[in-house]
Amino acid sequence: MLVNLILNNRMKISLRLVVFLSLGLMAGCRAPKAAESSNTNDVAAQQTNSMASVPGSPSTNSTAGTEPLDVNDISFLWPVPKTKADADELISLADAASDGPIMPPAIFNALIETAKTVNVDGVAIRFPDGSFEDPKTWKVAGIRVNPTALGTNPKALGLAEIPGIRLIVQPVTLNGGVATVHDFAMHVVFNYIQPGMPPKQAVPDKAAFGAIIQGLRALKQSMALPTGGMPLQVHPGFSPDPKPLTDKLREFLKKHLASSQLDRRQAAAISFMGIPGGFEPWIFFKVQVDVATGTLTRIPVSGVFDSSNPESQMLSFSDPGGQVKPAPQIPQTVQGVSTARLFPTVAATEFDNPLFPGATNPVLQHFKLRDAVDIVANPQITTTLSTDCLSCHTESTRRNAMGNVLSQPGTAFKPAAGISGVAQDVLPKDRWNLRNFGWGFNFTGGPGFPQGFQPTVSQRAANEAAESADYINKNYPPSTQ
């Protein structure tokens, strides 16, 4: 989930979003490519894994410090911890930022207390034991560096360009020498925008974010490990021993993170997912932080497209086929896309039903239900302003449940030349896996995805990483000094 851009200016942004989303959809409608589909195997086969030059980026015949960055250079996914030693080596929320712990104690305590109050239809988040109230329990499962939170569509950049570092954090408890991952998660976003600017249009702090990119290039060079042309997966630098790269990333975060970047005035947000006990349902909520006071404010989980503006959302499979509550209520003035219509599993006979029933806009009339997952997964079209938390976390598993249904030509996101896709073995396959980047739980298991927690990258997260790598190469080239 991306940061929430709405800082007391929701109506102005929502009106502009109508134009942005329509143009994004129109781009897909006007420029179809016959070979495009949502079938992840087809997409993977079509992706170019060569190190072809990216326009505006340095030559690929250069050193590791100046060659283009790829998806594994800006996204770091850890292997699932199995032992106490594995867990002890991981970065936690208690580790150091530049001005104190990564998450200040007052904010952490307020977040845990807020989580205890969140419920949907009488179902509430519950922590198994007191260890969840210790920031050391919450480990960094992944890091994603994002140059622009709303994507690189020109209309989105016209709204705001918000670079940031996102930590995906999950609780890991110990029982003797055994580490256990739990099906809870936080997305903790640190943003880098110029202070004191009007909230309606954030201006990126390119000096600060440029230093972050230089740090990533230095990290890439220090590993002397080929990452170009490699699909997004558990970072190869964590094998065979995760500790050396973990320690380098710990220092990277200590240098570049500060509590001020976590503040609502930086358009930052914390997203949280929890369960009521051992298993489902999954409950989502989001907050913005006032760092100075340590207070949290709940914000909608569905951008501006849901007229009911729900501050929490739940998915339950205890109902036949699963159900999203509350079901998104899409207003007439803003078009949005959600996977809620794909629960329970859509029959093949419904794939060509209209995605936007009753739409009068010919562009919107073009799209079918078969297109929903690729529209949600396409960061050139969909942002957190035009979809909801659950959609970003379920588009890949809905795709799998629908038999890898093909979308219409021109709908699926395609990485730029020289930018890699995602490894097939980390895509979430089991409907019980609601992670989009991190460690997701596979309940039923099956060939290639045994029961238990597995490294996970959703198609949406992979597409965002590919879009980000391309944008960074074009707009943050290596320093010539």
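Is Cys389 buried or exposed? I found Cys389 buried, at a relative accessible area of 2%. Buried means under 20% relative accessible area, exposed over 50%, and partly exposed in between, with a 1.4 Å probe and protein chains only.

I noted the ground rules next. This is a predicted model, where local features need pLDDT of at least 70, side-chain atom pairs count only at pLDDT 80 or more, and totals for chains, interfaces and linings use all residues. Residues are numbered from 1 along each chain as its sequence is written, and side-chain values use heavy atoms, without hydrogens and water.

**Cysteines.** I looked for disulfides, meaning cysteine sulfur pairs within 2.5 Å. The count is zero.

**Overall fold.** I read off twelve helices and 16 strands for the protein chain. These are DSSP runs, numbered from the N terminus: helices are H or I with at least four residues, strands E with at least two. Buried residues make up 60% of the 481 residues. I then checked contacts, meaning heavy atoms within 4.5 Å. Among those between residues at least 6 apart in sequence, 73% join residues at least 24 apart.

**Helix H12.** I checked the length of H12, residues 459–475. The expected span is 1.5 Å times one less than the number of residues. For 17 residues that gives 24 Å, and the end C-alpha atoms are 24 Å apart, which agrees. H12 is mostly covered, with 15 of its 17 residues buried.

**Aromatic rings.** I searched the whole structure and got 18 aromatic pairs. Rings of Phe, Tyr and Trp (its six-membered ring) pair if their centres lie within 6.5 Å; planes under 30 degrees apart are stacked, over 60 edge-to-face, the rest tilted. Trp138 and Phe272 are tilted, at 5.8 Å centre to centre and 50° between planes. Trp138 lies in strand S6 and Phe272 in strand S10, so the pair ties together parts 134 residues apart in sequence. Both Trp138 and Phe272 are buried.

Trp432 and Phe443 are tilted too, with centres 4.7 Å apart and planes at 40°. Trp432 is buried at 11% relative accessible area, while Phe443 is partly exposed at 30%.

**Charge over ring.** I counted NZ of Lys or CZ of Arg within 6 Å of the ring centre and within 35 degrees of the ring normal. The charged end of Arg431 sits over the ring of Phe317, 4.2 Å from its centre.
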